[in-house]
Structure formats: structure tokens, C-alpha cells
Amino acid sequence: MECIFCRKARAPSVEHVFPKAIGGALTFSEVCKECNDALGSEVDATLTNWPSVLLRRAELGLAGYKGRITSPSSMLTGRHILIDDDGNAQPIVVVLDKASDELRCKILPSRQIEIDQSGVKVLKISADPDDLVHVGKWIQEARLEAGLEPLSALALASEVEKIAREEKVIQNPLVQAQLKAPAMPCLALGKIAYELAYLWLGHRYLGDQIGTRLKEAIQNPLSPEIQEFVQYAMSKDSALKPGIWRTVNTRHSARAFRHERRLLIYIKIFQVIEAFVTVSETAEQYGSYPDDDSYGYIILDAGTGSVHQSSWQAEITRLVGLMSRFGRGVDLPDALDGAIGHL
């Protein structure tokens with residue numbers, strides 16, 4: 001088998017066109033395991049971990065490749081800043097308790113020596129209650145740094161007990177989250193479009209100049225070139241976006257269409273991400289639009305695993321039949337709701 005990404009003769013693997021972690025049930029085998037693994041970790045993850053997609057995955061109970069359902073709360077983990085009741089800032093780390101799916105704030109330990117009003121040096125410690133076992137060590141280290149003798153075991157125990165009694169509860173904590181913006185899922189959308197173009201247009205697509213550039217952009221996650229191919233639906237071409245189907249938020253869909261000389265694939269993920277991906281700039285070589293069967297249409301349901309594929313012309317015929325029955329100006333049932341459908 002020749003892999004459609006590395007173009008080498010290698011053993012086939014099961015490649016999910018729409019990532020498995022979002023319920024993608026459409027698979028094919030013309031991708032080698034090496035490329036498949038790289039696509040999963042470096043490309044698909046930009047889509048499956050996108051915040052709005054992650055929320056939908058959690059709602060549907062869709063597990064990732066390792067068999068675990070990722071909690072949306074995981075997006076809030078990491079190092080942040082806690083503002084206490086007096087307006088003082090201190091670093092914290094937010095962790096997720098996987099058993100309860102609850103977030104927990106842990107104050108990162110810090111110690112500093114301050115001088116009080118009488119001129120006496122005082123050791124100030126900020127720490128999480130779980131770190132109380134380390135306070136004795138910190139006290140001895142601070143005394144050593146100040147050139148003082150270490151406390152006896154009895155005196156040290158007394159100081160630690162005193163600090164434990166002075167535990168402060170923050171009544172109105174404010175957390176300043178320092179969240180890292182995730183990478184846009186251009187790579188994953190480009191990969192979906194490239195693989196659909198191959199499945200719909202056949203082996204001849206591997207010789208398409210734009211298709212080759214798209215493939216190379218997908219294989220190079222650090223390059224911004226993928227942005228030349230992926231255009232989100234809120235852009236100037238949004239008038240091309242189809243809006244005739246009833247909204248079902250568990251579904252993904254895609255269709256190929258022609259705009260001037262370009263062949264594009266419109267992709268919708270969970271009703272939260274919509275994009276156009278340019279897969280060729282010589283659409284005429286793939287037949288007349290929309291009559292040729294090369295212009296495909298697909299819809300998948302992540303909840304049920306159902307998949308429907310047809311040519312775009314066949315879908316137009318189905319829609320015309322529905323319009324003649326129900327009239328125009330209404331959202332029509334998609335192909336997974338039945339050939340005739342119901343309102």
C-alpha cells in the first residue's frame with residue numbers, strides 16, 4: 001500500500017477521517033501507522049482539544065484514543081494567581097481530582113523574612129495545609145540562612161503548632177487564570193478535507209498541485225502555511241455556507257463544491273466549528289458541478305456512530321423532494337433522519 005501522506009509503500013492502518021475522539025466513524029486504510037500516529041498527536045488533537053469541542057465530547061461521553069473521557073475542567077488546570085481578602089497575590093496551582101472531576105486550588109509554598117514594627121525579623125510562610133509537614137524544615141533553613149542556631153525538637157514542634165493554629169481561611173478568593181490560548185484547529189480541518197478529497201476524487205487527486213501543498217502543510221505543524229487553505233465560515237465567503245438542514249448538535253458534516261475554479265470542502269463540526277478548505281484550484285478536471293459524483297456529501301452522528309455518504313447531486317435531489325413536500329423556508333431533516341424525513 002502507498003501511504004497518501006508520506007507516499008511510501010508501507011503497511012496500512014485504520015485512519016479515522018473525522019477523529020475517533022469526536023465520534024468519527026468513517027475510516028480508510030491508505031495511511032501508514034507512522035503517519036497515522038503523527039496525525040493523531042500533532043494534528044487531530046488541535047480539534048479534539050478545542051474548548052467548545054471538548055465540552056461537546058464531555059456531554060456525549062466520547063473518549064479519546066487512550067480510552068479516557070477528558071474533563072472540560074482540565075482546561076483550567078495549571079499555575080495561576082490567587083488574590084486574598086487583603087488584595088495580596090500569591091501563586092497557586094489548580095489540579096483536577098479525576099475521581100470527583102472537581103478542581104482544587106493548592107497554594108504554592110513561599111517564605112520570606114520581614115521586619116515587624118519593633119524591628120524584629122519575622123519569618124512569614126504561605127503554604128497549602130497539605131504542606132504543613134514541611135514547615136519545620138523551612139523554619140530551620142531560614143534560621144540557618146539568618147546565621148541562627150537551629151531550634152530544638154521541642155521548640156520547633158511548638159512553632160509548627162503555632163503556625164497551624166494561625167491557619168487563615170480566605171473568604172472571598174479571586175483567581176486570576178493564566179490560560180494559554182490553544183492553537184486553532186486549522187491542521188485538523190485541513191487533514192479532514194485532504195482525506196475526503198482523496199476518497200471522493202480518487203487516486204488522481206494525489207497529483208493535484210494544491211492537494212500536494214495542502215498535504216505538506218498538514219505534515220508541518222509549525223508552519224503557518226495551512227492558514228492559506230482553511231477559511232472559517234465567519235469570513236467573507238460565509239454566503240457559501242449551506243443553512244438548509246435542521247440543527248443537530250451531535251453531528252459532523254462535509255460537502256464538496258465549486259467556487260469559480262476552486263474546489264472547496266465545507267466542514268461543520270458539532271455545530272461549533274465551520275470552515276471552508278481549498279483542496280484544488282483546477283476544479284474543472286474533476287467534472288462538472290454539481291452533476292459529477294466526485295462532488296461528495298457526508299454526515300456523521302457522533303452519538304450513534306451513524307454515517308451517510310452520497311454525491312452532492314443525490315443530496316440536492318433529496319432536498320428538492322423535501323421542499324416539494326414541506327415547502328421552502330424551513331429547516332429540513334438531514335439524510336440521517338431518513339430519505340424522506342419528517343418535520
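This is a predicted model: local features need pLDDT of at least 70, side-chain atom pairs count only at pLDDT 80 or more; totals for chains, interfaces and linings use all residues.
Empty space was examined next. Rolling a probe the size of a water molecule over the atoms shows where such space is left. The largest pocket has a volume of about 1,500 Å³, and of the 42 residues that line it, Lys124, Ile125, Ser126, Ala127 and Ile163 are the closest to its centre. Several elements supply at least two lining residues each, namely the strands S4 (89-97), S5 (102-107), S6 (110-115) and S7 (121-126), together with the helices H3 (135-145) and H4 (153-165). Among the contributors, S7 gives the most to this lining, with six residues. When the lining of the largest pocket is divided by class, 25 residues are nonpolar, five are polar and 12 are charged. Lys124, which lies in strand S7, has a relative accessibility of 40% and therefore counts as partly exposed, a class that falls between the cut-offs of 20% and 50%. The C-alpha atoms of Lys124 and Leu55 are separated by 41 Å, and these two residues are 69 residues apart along the chain.

The second largest pocket holds about 690 Å³ of space. It is lined by 27 residues, and those lying nearest its centre are Arg57, Gly64, Tyr65, Lys66 and Thr70. Strand S1 (15-16) and helix H1 (33-48) each supply at least two residues of this lining, and H1 gives the most, with nine residues. By class, the lining of the second largest pocket divides into seven nonpolar, 10 polar and 10 charged residues.

The pairing of strand S3 was then considered. Strand S3, residues 78-83, runs antiparallel to S4 and is joined to it by six bridges; within this pairing, Arg79 stands opposite Val93 in S4. The two strands form a hairpin with five residues between them, and in the turn Gly87 has a positive phi of about 85°. S3 is also joined to strand S8, residues 174-176, by three bridges, and these two strands likewise run antiparallel. Here Ile81 stands opposite Gln176 in S8.

Aromatic contacts were described as follows. A pair of aromatic rings is characterised by the distance of the centres and the angle of the planes. A search of the whole structure finds eight aromatic pairs. One of them is formed by Phe28 and Tyr198, a tilted pair with 6.2 Å centre to centre and 40° between the planes. This pair links distant parts of the chain, since Phe28 lies in strand S2 (residues 27-28) and Tyr198 in helix H5, 170 residues apart. Phe28 has a relative accessible area of 9% and is buried, and Tyr198, with a relative accessible area of 11%, is buried as well. In a further pair, the rings of Phe257 and Phe276 have their centres 6.0 Å apart and their planes at 75°; the pair is edge-to-face because this angle is over 60°. Phe257 lies in strand S10 (residues 251-259) and Phe276 in strand S12 (residues 273-280), so the pair ties together parts that are 19 residues apart in sequence. Phe257 is buried, with a relative accessible area of 3%, and Phe276 counts as buried at 1% relative accessibility.

Some features of the backbone remain to be reported. A cis peptide bond, with omega of about 5°, joins Tyr289 and Pro290, and Pro290 lies in the loop between S12 and strand S13 (296-301). Arg7 is not a glycine, yet it has a positive phi of about 60°; it lies in the segment before S1 and is partly exposed, with a relative accessible area of 34%. Phe270, also not a glycine, has a positive phi of about 55°. Phe270 lies in the loop between strand S11 (262-269) and S12, and with a relative accessible area of 0% it is buried.

Definitions and conventions
Residues are numbered from 1 along each chain as its sequence is written. Side-chain values use heavy atoms; hydrogens and water are left out. On a 1 Å grid over the protein atoms alone, a cavity is a set of points where a 1.4 Å probe fits but cannot get out, and a pocket is an open set with protein on both sides within 12 Å along at least five of seven lines; lining residues have an atom within 4 Å of a point. Grid points are joined across faces, edges and corners, and a volume is the space filled by probe spheres set on the points. Helices (H or I, at least four residues) and strands (E, at least two) are DSSP runs, numbered from the N terminus. Ala, Val, Leu, Ile, Met, Phe, Trp, Tyr, Cys and Pro count as nonpolar, Asp, Glu, Lys and Arg as charged, and the others, Gly among them, as polar. Two strands pair if DSSP finds at least two bridges between them. Rings of Phe, Tyr and Trp (its six-membered ring) pair if their centres lie within 6.5 Å; planes under 30 degrees apart count as stacked, over 60 as edge-to-face and the rest as tilted. Buried means under 20% relative accessible area, exposed over 50%, partly exposed in between (1.4 Å probe, protein chains only).
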